Each structure stands twice: as structure tokens, then as C-alpha cells.
Amino acid sequence: MNAQDLTNTARMLVAGDKGLLAMDESTPTCNKRFARLGIPQTEEARRAYRELIVTTPGLGECISGVILYDETIRQRKKDGTPFLKVIAHAGIIPGIKVDAGAKEMAGQPGEKITEGLDGLCDRLAEYAQMGARFAKWRAVIAVGDGIPSRGCIEANAQALARYAALCQEAGLVPVVEPEVLMDGEHTLERCGEVTEEVLRTVFSELHTQRVVLEGMILKPNMVLPGLTCPKQAAVNEVADATVRCLLRAVPAAVPGIAFLSGGQSPELASARLNAMNVRFQARLPWALAFSFARAIQQPALEIWVGEETHVLAAQQALLHRARCNQAARRGEYAAAMERT
Ligand code: 13P
């Protein structure tokens with residue numbers, strides 16, 4: 001492991017005003033999103049959609065890195081050019097999702113544990129050899145009556161830390177993603193408490209597993225009220241609660257925090273990230289960036305719907321969302337951008 005190389009890559013991922021684009025939906029997740037829009041759930045449709053994304057003109061001006069899935073990292077454009085080549089040409093750093101998904105957890109009803117540590121060492125070596133420079137692993141934490149349990153938090157935190165240590169040994173920057181889910185009636189305050197406990201546990205495990213904090217990226221949820229909580233929060237309240245939680249739990253050595261969008265609308269995800277940067281940027285030890293999937297892709301997917309003739313319009317929608325989030329990193333996003 002070369003700690004300096006890892007640090008340089010991690011810094012590049014969150015440098016300036018760029019952010020990450022997650023396009024690492026597993027085949028079942030991608031198929032589910034396609035099915036809702038009547039798009040065929042075939043390997044060719046998934047390939048065509050990912051070609052649309054990676055060939056979007058100007059993407060490299062606002063996106064520093066893309067997170068791919070095992071199927072996608074091996075795919076090519078219709079003309080035979082490997083996606084990895086297209087991505088490199090756009091000046092974008094390729095990354096790869098390496099977890100094997102969240103499965104029902106034994107003894108903890110309603111909770112999940114992310115699998116994928118077995119054989120991970122060999123898979124990371126293969127991805128690194130293919131050209132990936134960073135990796136991602138997602139743990140999910142549900143909030144509800146009596147949950148999350150310590151058992152769920154600790155098991156997921158330990159798996160994240162073991163994954164992160166293996167990544168760094170393979171020369172890949174780990175993107176550590178503990179996601180506290182939005183589903184439920186819980187309040188903003190409860191989400192803040194759970195997120196803080198989860199992050200404290202994750203960083204304790206990362207320390208135990210000797211992960212170099214300078215060579216990683218944290219990908220957390222924003223602190224939000226549950227989707228069905230009767231009391232929703234203003235943009236500034238979300239910004240304040242999120243930054244307060246992160247300041248308490250995330251060491252200053254971490255170069256960047258790149259949020260997931262988690263099912264927020266694209267506009268709200270941009271507005272909330274923007275508010276954090278407007279209100280706190282000058283006082284924070286880490287960059288506040290984005291690593292969105294749905295909040296960048298969803299409008300484009302809804303325009304594309306599998307039609308070749310919609311590709312250009314879909315690419316414009318994708319670039320628009322990427323640009324909105326780039327502006328949010330600078331604290332210069334405004335709702336007026338949505339009408340242009
Ligand atoms: P969303 O932004 O759609 O939550 O996806 C981020 C991600 O990478 C989930 O693992």
C-alpha cells in the first residue's frame with residue numbers, strides 16, 4: 001500500500017467543485033428501475049443506458065469519478081470502445097462497487113448486513129488491474145421501533161472497516177457508505193442520533209482495522225426526517241443537523257464527505273448540499289461533495305425510457321443535474337437554475 005497515492009486519489013475525488021456519479025446499480029436494482037418505466041430488462045438495455053451516461057459531453061467538467069458495477073466495468077460502447085477508455089478520456093476516475101448486497105440479518109428482525117468479504121481480496125486485485133482507483137461498499141441501517149440494534153450497527157461497521165482495509169492494501173481508495181435509510185416516521189432528531197452513533201462506530205472500527213483516514217472518502221446520508229414523518233424540515237434545518245452530526249463524528253483527517261441522495265428529489269438534494277456549503281464551507285475540515293445516483297440519473301432515465309432518439313435530451317438532463325450539484329459544492333446553486 002502506498003498511503004501517499006491513496007491520499008492523492010482521495011483528494012482528487014473531492015477536489016474543486018466536482019463530485020461522484022454513482023452508476024453502480026446492481027442488475028436487480030437497475031432492472032427494477034427499468035421495469036417501472038417499461039424499459040426492457042436486458043443486458044443490452046443496461047449497456048445502452050450506461051453508454052448514454054459515460055458518453056455525455058462535458059460530464060468530466062463536473063464529475064471527478066464514476067462508480068461502476070461488475071457488469072458495467074467490463075462493457076463497451078456499441079462501436080467496441082471499452083467504457084473504461086471512454087471514462088479515462090473524459091478525465092474521470094473509475095471506481096467499482098464491491099459489496100454483494102445487504103441481506104436479512106440473523107437474529108435482528110428488520111435489519112440487514114452487507115455481504116461480500118469472502119474472496120474480496122482477489123476481486124479487488126482484478127479491479128485494480130483493470131484500472132479502478134477506488135471502490136464502494138454500502139451498509140444499510142433502518143430506523144424504526146427498537147432499531148437499529150447495536151448488533152446491526154457493529155456488524156456493519158466492522159464489515160465496512162475490513163472492506164476499507166482490504167481496499168487500501170490493494171491500492172484502491174475505499175468509499176465507506178453507511179446509509180441510515182429515510183423510510184419511516186422518525187424525526188430529524190432521531191435520524192441525527194442514529195447517524196451519529198453509526199458514524200462513531202464506523203470510525204472506531206476503521207481505526208481498529210488500521211485504515212488510513214487520509215486515503216478514504218465517507219459517503220453518508222444527510223440527516224433528514226423519515227419520509228412519512230409528519231414534521232418535515234426546512235433546507236437550512238437539514239444543513240445544520242447534518243453538519244452538526246458530521247462535526248461530532250467524522251475525524252478531520254478524512255479529506256472528503258460525498259453524500260448519497262437516498263431517495264430525496266434531485267432538487268432537494270442539490271438545495272440541501274448547497275445550504276451546507278453556503279453556511280459552513282469556510283469552517284469545515286473536509287470537503288462536502290456528492291456521490292449521487294438517483295438524484296443525478298433519475299430525470300435522464302425518465303426521458304430516455306430506452307429510446308435511441310431520446311439519448312441527447314437524456315444526456316442534457318444528466319449534465320444539468322451534475323452541473324446543479326457542482327454549483328451546490330460552491331454554494332452557488334439556486335432554484336432558478338431549474339428553470340433554465
Ligand atoms: P442514491 O444517491 O440513489 O442514494 O445512490 C447512492 C448510492 O451509491 C447507493 O449505494
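Which side chains meet in a salt bridge with an N to O distance of 3.9 Å? They are those of Asp 99 and Lys 97, where a salt bridge means a side-chain nitrogen of Lys or Arg within 4 Å of a carboxyl oxygen of Asp or Glu. Asp 99 counts as buried because its relative accessibility is 8%, and Lys 97 counts as buried at 14%; buried stands for under 20% relative accessible area, exposed for over 50%, and partly exposed for what lies in between, with a 1.4 Å probe and protein chains only.

This is a predicted model, in which local features need pLDDT of at least 70 and side-chain atom pairs count only at pLDDT 80 or more, while totals for chains, interfaces and linings use all residues. Residues are numbered from 1 along each chain as its sequence is written, and side-chain values use heavy atoms, leaving out hydrogens and water.

**Overall form**

The chain contains 13 helices and 10 strands, which are DSSP runs numbered from the N terminus (helices H or I, at least four residues; strands E, at least two). Along its principal axes, the C-alpha trace spans about 50 × 45 × 40 Å, and buried residues make up 55% of the 340 residues.

**Salt bridges**

| Pair | Distance |
|---|---|
| Arg 46 and Glu 71 | 2.8 Å |
| Arg 279 and Asp 240 | 2.9 Å |
| Asp 99 and Lys 97 | 3.9 Å |

Arg 279 belongs to helix 11 (residues 266–280) and Asp 240 to helix 10 (residues 235–249), so this pair ties together parts that are 39 residues apart in sequence. Arg 279 is partly exposed, with a relative accessible area of 34%, and Asp 240 is also partly exposed, at 23%. By contrast, Arg 46 and Glu 71 are both buried. Elsewhere, a network of salt bridges links Asp 17, Arg 330 and Glu 332.

**Nonpolar cores**

In soluble globular proteins, nonpolar side chains tend to be buried together. The largest nonpolar core here has 100 residues, and Tyr 163 and Leu 288 have the most contacts inside it; such a core is a set of buried Ala, Val, Leu, Ile, Met, Phe, Trp, Tyr and Cys residues joined through side-chain atoms within 4.5 Å. Leaving aside neighbours within four places in sequence, Tyr 163 is in contact (heavy atoms within 4.5 Å) with residues including Val 98, Leu 117, Trp 137 and Val 176. A second, separate core of 16 residues includes Val 175, Ile 217, Ala 287 and Ala 293.
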